[in-house]
Protein chains: 2
Amino acid sequence: MIKQGNHPVRIFALGGLGEIGKNMYVVEVGPEIFVIDAGLKLPEDELLGIDAVIPDITYLEENVARLKGFFLTHGHEDHIGSLSYVLRRINVPIYGTKLTIGLVANLLEDSGVKHLANLQVIDADTILNFEYASVSFFRTTHSIPDSVGVVIHTPDGAIVHTGDFKLDQTPADGVRFDYYKMAKLGKEGVLCLMSDSTNAECPGTTGSESSVGDELCDCIRTAEKRVIVATFSSNIHRIQQVFDAAQKANRKVAIVGNSMKRAIEVSMELGYIDVSEKLIIPISEIDKWDDHRLVILATGVQGEPLEALAKMAVKSHKQTAIKQGDTVIIAATTIPGHEKLVSNTIDLLFRAGANVIYGQRKVHVSGHASQEELKMMLSIMNPRYFIPIQGEYKMQRAHAKLAEATGMNRDHIFLMENGDIFEYKNSRAKIAGKVPAGNVLIDGLGIGDVGNIVLRDRRLLSQDGILIVVVTLSKEKNQIISGPEIISRGFVYVRESEELFGKSNEIVQQIILKCLKDRTIDWSTLKTNIRESLSHFLFEKTKRRPMILPIIMEI
Amino acid sequence: MIKQGNHPVRIFALGGLGEIGKNMYVVEVGPEIFVIDAGLKLPEDELLGIDAVIPDITYLEENVARLKGFFLTHGHEDHIGSLSYVLRRINVPIYGTKLTIGLVANLLEDSGVKHLANLQVIDADTILNFEYASVSFFRTTHSIPDSVGVVIHTPDGAIVHTGDFKLDQTPADGVRFDYYKMAKLGKEGVLCLMSDSTNAECPGTTGSESSVGDELCDCIRTAEKRVIVATFSSNIHRIQQVFDAAQKANRKVAIVGNSMKRAIEVSMELGYIDVSEKLIIPISEIDKWDDHRLVILATGVQGEPLEALAKMAVKSHKQTAIKQGDTVIIAATTIPGHEKLVSNTIDLLFRAGANVIYGQRKVHVSGHASQEELKMMLSIMNPRYFIPIQGEYKMQRAHAKLAEATGMNRDHIFLMENGDIFEYKNSRAKIAGKVPAGNVLIDGLGIGDVGNIVLRDRRLLSQDGILIVVVTLSKEKNQIISGPEIISRGFVYVRESEELFGKSNEIVQQIILKCLKDRTIDWSTLKTNIRESLSHFLFEKTKRRPMILPIIMEI
């Protein structure tokens, strides 16, 4: 039995609001802290050289004694991807369904931290009792099997987190939403609903995963030669459908991409993909089969399918290349910001002689609920308070409008940013301050050690390159011993710029000689003078602003 | 009278095929060369630091004596933008309609080369007679007034270039397509049609410019406070519509952005924008007017509207900032590759308290013909040969499919890349070789001086920064005089990496000392050793690969 009484409830996001990805939501009931999901996101273009972005978990580290665990909604990277980093700092139980935990185990093993993890498999019927709250789950439907919503039961009502979902009435694996459980939650009283905003700008309903099956079958059956299907390795339903379609069309399936291979292995092992082993052939053996007997299921690094396709098109892929007459099916949603990549890849494929199926035919559907489904979720849950989560601000905003349309009071809808604290105390809710909730940048092995200065330098370097001026001076003899030498990278073609470099050298020499003559050798002023004069000269001559780095060696 | 007889006709693109922008098409009739358009395009992300991309005009320079002129279809940057560069190398007459030449003059004045130019204003009825061909024009409809198609008449039939167009039956300025002239061309015999492929993947028809007018009026009339309309400065029709809507709603218009201001001035001067001067107020005076009496027409640098909006949203714009309650109308098509920018900007605007109108309401239409219009163009022109131009490969390909659907023989459709030569000789057409047609990159004042090495360096620098090792050696004394000193930029936070730098320094010292001891001071080997050892060490410790630059000063 959970402790009754008037415990304040606090809800905030460490990631996932105002952005796509990096999902991490915190629910506090009295002193107990429950964390829902621990995702990462891929960096935007301006984060030069950064590999991934994870949430700032300072707050969790500082309150680790109160942490009850991570409760995962499903096995996609944007919900589980930061666990390998987080686990090094915070070690609390990780709860998830069988497939989710299987994928987490895989991920942690790769990072060499699996031995640290306390992984707990739950199912949709599990109830976890803590002192101030209990946690239960309800089945949802998404593009990956075994996804759930998380419910934290408090004396003041349930806090419901939907995870990623759509209301798929004919899911590919036959496992439906648990409408009874959801409706019961709504009937008994939902204090606060947190629901997926990704598609809140899309009217209507999203469409079922199974609607894709027939179309895929048709495309694969009617293709004259090889079929290459590109999809995210995390889209387990789509992968199953490709296997089914290949089976029906009497084709073998070869798998390209390690992440795809491993996701399929885990899913087969745990029973989430149902496929005869005879159907699958190693990619090295595709030459033994006629073109019309082959399907190639492909993904790239980090599960990104486009990269692999582009390589195949320009024949730089290690395992296979596009042949004249191939049919390429792109069964994936474009990641925001990747539109140009997609369009360039399609161009490359066409040029390589492939027939590309994208957009026009329904070979993919989104895994996220559209407006009618979101309103349905709101109606079923009938929450007292609503926090639109998981999406850019405009999507959260569109979701808030939908909630208003279902009759919710505008004051009960909280349009929050990462770190904003929703607090429910003494029967009232308000925004009560903020916890730190920035981006932590991952670059190689470095976690959070690349900050604004490093990024600013990378940005500068990427625009007009660098120009280095080295000179060795003797303070004693008050003269130039060696140099100045000017070296540049990423600025201009050195061979064609002899005059420019010659004149630059003169400018530097003059500044140094004057400085030596004045006997006011203050290195820092000297460096500033060199930087400013050169910068001015170079901008006038080239309209470019390379980073200028004077290095003075003293003997 | 043009010379009759069997003169070979050659057609190729120096830009515009397999890409959006940089349009430049060459038609040769016997010895005479006609160039249609001279555009630029904005660089893709991977072209770090590059300002613009223009066509390689080597072929034109080498054959300048045969050049009869540039024949412009309309005044957009992707069709006229490279003239300021081209004109420095090739000076031949530039023919265009009044507005087009007005905009060209503006552009050339900015670059200080207007005095070089021989600008010739033509109208849709002009016929220019040359020795081997004559050139005529026909009115088209697009998002800018005064756009034309170009016809080069040869003894073997007409070569028709559509320019950018859509079939707008109710154009904003009332100036319609000249269907009679087009149909007459078709009847008399079109040897080859070159037609705009931009929207060849879009079914149906594009919709009229005037369809936007009512919607804009409605949005502006019903807004409670200020209205900010963001559009491209080149979209003259849209600008006229904003003036009209503001007039009807009894609001004043302030203009933000120099390119917008200048485009409006040129258009007003030449009579292509019709607006009472009383309607326009300086942006500095907007505080004198009530919010509901104001429309702000905004664009950014290079006519890009999003940049200005983003600055206004975060209050870093020099002239104005977004206020709570502003209505922002984004009346522009997203440039491919800018989707994320658009979405981020909308988020910023919402956060700043604006109501943003985008996508959902019809406040913008494309200026390019969709599938039904493209088929109509093909049917009217009834060409013997067809070259889909102006678009990415997949668009050209979709356009080719449309041509097939209208009944054209597949062998008569030429799916070409930049540089491919279409040759018609002895009553037969074929691809006959290639002319150089690469990208020339503009960076500051440099035209084509940034090549692969410079770009590769910028890319490397942008990923993990640079690490510079400087040491002064005495060959005579066979010892280190000063250093090694290690300096980095864009790699790691120096303050937090003392150990890393300390160890790096040791590694370098050891290598140098060994080298000095062995008395085998070969600078280039020494540098390679330093680079390799450090690179290995740093990658192991950080999983990053900064550019490593050893500099050895010898005294």
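This is a predicted model: local features need pLDDT of at least 70, side-chain atom pairs count only at pLDDT 80 or more; totals for chains, interfaces and linings use all residues.
Local features need pLDDT of at least 70 and side-chain atom pairs count only at pLDDT 80 or more, while totals for chains, interfaces and linings use all residues. Residues are numbered from 1 along each chain as its sequence is written, chains are lettered from A and ligands numbered from 1 in the order in which they are written, and side-chain values use heavy atoms, with hydrogens and water left out.

**Exercise 1.** Determine which rotation superposes chain B on chain A.

*Solution.* Superposition is by least squares on the C-alpha atoms of residues with pLDDT of at least 70 in both copies. A rotation of 180° with 0.1 Å of shift along its axis brings chain B onto chain A, with an RMSD of 0.1 Å. The two copies are thus related as by a two-fold rotation axis. In chain B, the residue that comes closest to this axis is B:Ser462, whose C-alpha lies at 2.4 Å. Finally, 100% of the interface residues of chain B are also interface residues in chain A, so the copies meet through the same surface; contact here means heavy atoms within 4.5 Å.

**Exercise 2.** Classify the crossing of helix H5 and helix H11 of chain B, and describe the residues that meet there.

*Solution.* Helices are DSSP runs of H or I with at least four residues, and strands are runs of E with at least two, numbered from the N terminus. Axes are lines fitted to C-alpha atoms, for helices over the stretch in contact, and angles run from 0 to 180 degrees between N-to-C directions. The axes of H5(B) (residues 179–188) and H11(B) (residues 371–381) come within 7 Å and cross at roughly 55°. Angles under 35 degrees count as roughly parallel, over 145 as roughly antiparallel, 65 to 115 as roughly perpendicular and the rest as oblique; H5(B) and H11(B) are therefore oblique to each other. Among the residues that meet are B:Tyr179 and B:Met182 in H5(B), and B:Met377 and B:Ile380 in H11(B).
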